[in-house]
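User: Hello! I am new to this structure and would like to go through it with you. Could you show it to me?

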Amino acid sequence: MKNSKASIILHISVFLIFFGRAWQHLFWDAPYRSFFWDEALLQPVVEGIFNISWKDYVTSSTTDDAIQTIIRANGILYLIAAICALYIKKLNTKWIRLPLWLGGISLVILTILLTKEKFYHGAQFFEHSIQFGLPFVLLYSFKNNSEEKIILVLKILIAVTFFSHGLYAFGFYPVPGKFVDMVIHIFGFTESTAIIFLYIAGILDFILAVLIFVPRITVYALWYAVIWGLLTALARIFANFYVDFPLDSIHQNLHETVYRIPHGLTPLIVLIVINKHRIKLLQPAFDQIQSVFRS
């Protein structure tokens, strides 16, 4: 990518995605059991090939330890990929690109498992488009400097992510209880008011997904995406912060904010490249970050 500021934010965004997922996998849990404990899918394999009863398989501590090992191994992969995302520009070799490829593929698999947990709702898969798409955009940017193509891909990722998120907020799918709880905790709304708030937010997400491709309105739609993307990411930690045990609250929830921050940074990348507005307020920060990358 020719624009250095946009390139820096792209690197940071990919780092945050991998780092947040690494945090989740190394300290908490991930939905791999939804696959390994799927009786309809795996019982014929377990009983037919390995000659183990399904009950013994699912209750075995060895099975659980193996699943936990897979989760931790993916956490280590994500951590390595996060580091590579920061240094790939300095050490642009196939070896440093490999963890990004493997990490990106792992993110796609993780998204499929998350979708499986949500009864294969299509929106559940596509609302993670930015998260599993950005690593591949970063890799592509080293092979092709066509900013027009990159920006088009980023716009599609933004539109699909926000539209899919809007389907849940709007109520096309059952509104997630955690969405309602976050709105209530942050604003102090009643449950009915919180649902109305989410309904409106869902409609705005749909509008954004269209306006982002309208030339004269693109800038305004992107600024909305930046602000709303960052706010919804920060809401995860703000709504679940408890003064009585602050460190535990942060440790349990901050990773969800970290890997969602790119939802706001990705439209910022597009804004910088199209250069419709000068982003002077961010210049000192860019200068500081560039000095770190060059050191």
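This is a predicted model: local features need pLDDT of at least 70, side-chain atom pairs count only at pLDDT 80 or more; totals for chains, interfaces and linings use all residues.

User: How far apart are the end C-alpha atoms of helix α13?

Analyst: The expected span of a helix is 1.5 Å times one less than its number of residues. Helix α13 (residues 246-258) has 13 residues, so it should span 18 Å, and this agrees with the distance between its end C-alpha atoms, 17 Å.

User: Which helices are included in what covers the buried residues of α13?

Analyst: Buried means under 20% relative accessible area, exposed means over 50%, and partly exposed is in between (1.4 Å probe, protein chains only). In α13 the buried residues are Ser-249, Asn-253, His-255, Thr-257 and Val-258. With contact taken as heavy atoms within 4.5 Å, their cover includes α1 (4-27), α12 (218-238) and α14 (262-274).

User: What is the N to O distance in the salt bridge of Arg-260 and Glu-256?

Analyst: A salt bridge is a side-chain nitrogen of Lys or Arg within 4 Å of a carboxyl oxygen of Asp or Glu. Arg-260 is buried at 11% relative accessible area, while Glu-256 is partly exposed at 23%. Their side chains meet with an N to O distance of 3.6 Å.

User: Which residues do salt bridges that share partners join into one network?

Analyst: One of the pairs is Asp-64 with Arg-33, at 3.0 Å from N to O. Asp-64 lies in helix α5 (residues 61-87) and Arg-33 in helix α2 (residues 33-36), so this pair ties together parts that are 31 residues apart in sequence. Arg-33 is buried, with a relative accessible area of 15%, whereas Asp-64 is partly exposed at 27%. The network joined through shared partners is Asp-29, Arg-33 and Asp-64.

User: How many residues apart in sequence are the parts that Asp-38 and Lys-116 tie together?

Analyst: The side chains of Asp-38 and Lys-116 meet in a salt bridge of 2.7 Å, N to O. Asp-38 lies in the loop between α2 and α3 and Lys-116 in helix α6, so the separation in sequence of the parts they tie together is 78 residues.

User: What is the phi of Asn-51?

Analyst: Most residues other than glycine have a negative phi. Asn-51 is found in the loop between α3 (39-48) and α4 (54-59), and it is exposed, with a relative accessible area of 70%. Its phi is positive, near 55 degrees.

User: And where does Phe-119 lie?

Analyst: Phe-119 is another residue that is not a glycine and has a positive phi, of about 60 degrees. It is exposed, at 69% relative accessible area. Its place is the loop between α6 (94-117) and α7 (122-126).

How values were computed
Residues are numbered from 1 along each chain as its sequence is written. Side-chain values use heavy atoms; hydrogens and water are left out. Helices (H or I, at least four residues) and strands (E, at least two) are DSSP runs, numbered from the N terminus.
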